[in-house]
Amino acid sequence: MCTYLTEHLDMTGSGKGPGNWFRFTEALVYYDHPQDAPLEHSVNLDFLAPGEGPSARIAIEMSPEAARAVANAIMATLASFPGQPQTAGTPAR
Amino acid sequence: MYDAMISETVMFPAHGGDGIEGYLARPLAPGPYGGVVVIHHMPGYDAATKEITRNFAAHGYLALMPNLYYREAPGASPDDAAAAARSRGGVPDDRLVGDVAGAASYLKALTSSNGKVGVIGYCSGGRQSFLAACSLDLEAAVDCYGAFVVRTPPEGAPLNVIPLMDKVGDLSCPLLGLFGNDDQFPSPEEVDELEQALKAHGKTYEFHRYDGASHAFFAIDRPSYRPEQAKDGWQRIWTWFAKYLAN
């Protein structure tokens, strides 16, 4: 299927692409056809810097199980550091 | 039999007069041949859809696949272009129609054209194939498991995708539909609903629904590939286009 469902986040961070490190300004999260992963559907993450062209992109495709594991690991990591926001809010710039 | 063919990237005028890229594959003999506009799936203007385009040329058609994401990402790799297009909300319907119209005109202008053009699309391109056939004067159309022809996308979908049931009466040409019975987008119930609407409007159509197949069963590079169903589907496509596009 084409789920079309896409979470679109305006956020800033750094990622390393095919060339070098760049500052991304958008993140997309969606469950749809992968480009490469040997799965019918995958959880896909794109970190983009549209101002630097379409190739300024970090792309990740994972199974739902792997995506949950990563998400849980991120939450566990944040929870282990007092003073960090424990709920979703405005992405830090 | 002389069976040489050529495939190459071309630029052609599309929606709004924009010059966009397309992948053209055609037999080198003088013809005349029917034309096919190939609409790529959501993952984009990729190697697999170029192979499909060449397959049409190998079977005696002039085939042109527009790069629907060219405006967002000229020169980018297909996957980066698909991500850029998704980030900007996808391909607007009016732009899609204009791009297919431009591709059809390009094919008709080739000296080896017989003046007939059809359209085929896969996945999101299945819906777009139906949209083009309801918006343009074409000779034949094929919808391979296009979703959201009948129903509205799930809430929260960011793309500019609306159902097309109000356009069924405008369908300009015979429609071949190929669907997997395990697919949820479109579901078998949606396929039923589309078929009823086509019947009600007295349209010429033929639907084939495959057990044991879900979405994207033609995609040979994906786990969803179903060789038996895809082989039968290709035969249906060749028969359909031979009937309506060949001389």
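This is a predicted model: local features need pLDDT of at least 70, side-chain atom pairs count only at pLDDT 80 or more; totals for chains, interfaces and linings use all residues.
Two packed helices are described by the angle between their axes and the distance between the axes. In chain B, helix H1 covers residues 47-58, and helix H6 covers residues 227-244. The two pack at an angle of about 50°. Their axes lie 12 Å apart. Because of that angle, H1(B) is oblique to H6(B). The crossing of H1(B) and H6(B) is right-handed.

Which residues of H1(B) and H6(B) meet? H1(B) brings B:Ile52, B:Asn55 and B:Phe56 to the contact. H6(B) brings B:Trp234, B:Ile237, B:Trp238 and B:Phe241. By class, the residues of this contact divide into 6 nonpolar and 1 polar, with no charged residue.

Chain B also meets chain A. Here, 30 residues of chain B are in contact with 22 residues of chain A. About 2,200 Å² of area is buried between the two chains. Carbon and sulfur atoms give 61% of that area. On the side of chain B, B:Asp80, B:Arg86 and B:Ser87 supply 25% of the area that the chain buries against chain A.

A salt bridge pairs the side chains of B:Arg226 and A:Glu40, at 3.9 Å from N to O. This distance falls within the 4 Å cut-off for a salt bridge.

The backbone of chain B has three further features to report, each in a loop. Two are cis peptide bonds. One runs from B:Gly31 to B:Pro32, with omega near 5°. B:Pro32 sits in the loop between strand E2 (19-27) and strand E3 (33-39) of chain B. Another cis peptide bond joins B:Phe185 and B:Pro186, and its omega is about 10°. B:Pro186 belongs to the loop between strand E7 (175-180) and helix H5 (188-200) of chain B.

The remaining feature concerns phi. Where in chain B is B:Cys123 found? B:Cys123 is in the loop between strand E5 (113-122) and helix H4 (124-135). Phi of B:Cys123 is near 65°. That value is positive, and the residue is not a glycine.

Technical notes:
Residues are numbered from 1 along each chain as its sequence is written. Chains are lettered from A and ligands numbered from 1 in the order in which they are written. Side-chain values use heavy atoms; hydrogens and water are left out. Axes are lines fitted to C-alpha atoms, for helices over the stretch in contact, and angles run from 0 to 180 degrees between N-to-C directions. Helices (H or I, at least four residues) and strands (E, at least two) are DSSP runs, numbered from the N terminus. Angles under 35 degrees count as roughly parallel, over 145 as roughly antiparallel, 65 to 115 as roughly perpendicular and the rest as oblique. A crossing is left-handed if the near helix is turned anticlockwise from the far one by less than a right angle, and right-handed if clockwise. Contact means heavy atoms within 4.5 Å. Ala, Val, Leu, Ile, Met, Phe, Trp, Tyr, Cys and Pro count as nonpolar, Asp, Glu, Lys and Arg as charged, and the others, Gly among them, as polar. Buried area is the accessible area (1.4 Å probe) that two parts lose on being put together, summed over both.
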